[in-house]
Amino acid sequence: MGKKDTITKQSPAPTHQGVNNVYPRQPPSPAEAPNFRRKGSAVTEDNCASTATRDLWDNLFDGGYRADVTIKTENGDTIYAHANVLGMASPVLRGMLKRAKSSGQKRSISIHGVHQDVVRVFTRFLYSSRFESEEMKEFVVPLFVMSHAYDVPRLKRVCEEQLESGLLNLDNVVDIFQLSLLCNSPRLTLISHRMILRNSKAVLATDGWKSMRYSHPGLEKELLESVIEEENNRKEKIRKSKERKLYLELFEAMEALVHICRDGCRTIGPHDKDFTQNQAPCKYRACKGLELLVRHFAGCKLRVPGGCIHCKRMWQLLELHSRLCADSKSCRVPLCRNFKERIKKQNKKDEIKWKLLVKKILKTNRIEGRISFTKSSNSLSS
């Protein structure tokens, strides 16, 4: 069996003979627009249609070959198009064409409310799903509205991606936010709303916000409420951050106090420790300041609480340590056991205050993943 016979068996011959009966594969429908995917901040095309095929659709639009529809724009300009292409790409245009009255061999429809250049860019997209970056940058807002009004989801997604990639700015964010609500674009609504909250002071001074104040006062009120809530949340976040930092510093001071009283540091520590000149740097950040405070406390003549502000602070640190210490019997921090006894006689108000402070310190310590010195207090005397 020859090669020719093999090919003939594998590929059945067409019913009608002749070159004129072998038709090329038709180009993809504009309604089946190619997918776009973002790569960085640019929009790239990802489709199976060749550039030549897409150029063919562009040439069909530009040349208007056998066009059977005229589109009348705002200023009276005329754009020639094809009813089959418009009807496949947009169900709204399909309905308009069905109702359109014929004038000779052409039907006529009108698109008002937008500039003629926007209508031309919109119509070109229906043919080849192409657009110029400069045209998109200039007309992205009206194109977004037209894509929703004429039910062209492919163009709507492209406009959303372009806005998200950089065309959304402080000058148009209020307009885009309102349009995204009207055009049922939840992702764009969320993105524009976040931009308004992050840049509330600058956005409040834009013309878009001033226009919204008169056209949609209810929406302005809701936005102002969300801006105030966001500002309060931000302040609360800062307050909690500062509070957490304070609790961590107190816990580090407690660690450094145990370290000084148990091991000693540099030149201060237990009486049975001998310090050398060349010691390794201390790993406790609070140790240096606490060492100075301990030296002052040891030599101050106004050591009683309230007599000296530095000694008062030392008394508070000692009491805080006693409340955190798990085993005061073997603890080498001065007055730890004494404070344990004193706690039993403390009034209820002070007791609640100290318990709340200890609870917050321990909670912050657990969140940060630190090892509590209170768990190793049994070995302080070793």
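1. A quick word on terms before the tour: on a 1 Å grid over the protein atoms alone, a pocket is an open set of points where a 1.4 Å probe fits, with protein on both sides within 12 Å along at least five of seven lines, and lining residues have an atom within 4 Å of a point. Grid points are joined across faces, edges and corners, and a volume is the space filled by probe spheres set on the points.

2. Keep in mind that this is a predicted model, where local features need pLDDT of at least 70, side-chain atom pairs count only at pLDDT 80 or more, and totals for chains, interfaces and linings use all residues. Residues are numbered from 1 along each chain as its sequence is written, and side-chain values use heavy atoms, with hydrogens and water left out.

3. The second largest pocket holds about 280 Å³ of space. Its lining has 15 residues, and nearest the centre are Ile 260, Cys 261, Val 294, Arg 332 and Pro 334.

4. Now for the largest pocket, with a volume of about 490 Å³. It is lined by 23 residues, and Lys 312, Arg 313, Trp 315, Gln 316 and Leu 317 are the closest to its centre. Helix H14 gives the largest share of that lining, seven residues (helices are DSSP runs of H or I, at least four residues, numbered from the N terminus).

5. You'll find Ser 129 in the loop between H5 (116–128) and H6 (133–149). At 2% relative accessibility, Ser 129 is buried (under 20% relative accessible area, 1.4 Å probe, protein chains only).

Definitions and conventions:
Helices (H or I, at least four residues) and strands (E, at least two) are DSSP runs, numbered from the N terminus. Buried means under 20% relative accessible area, exposed over 50%, partly exposed in between (1.4 Å probe, protein chains only).
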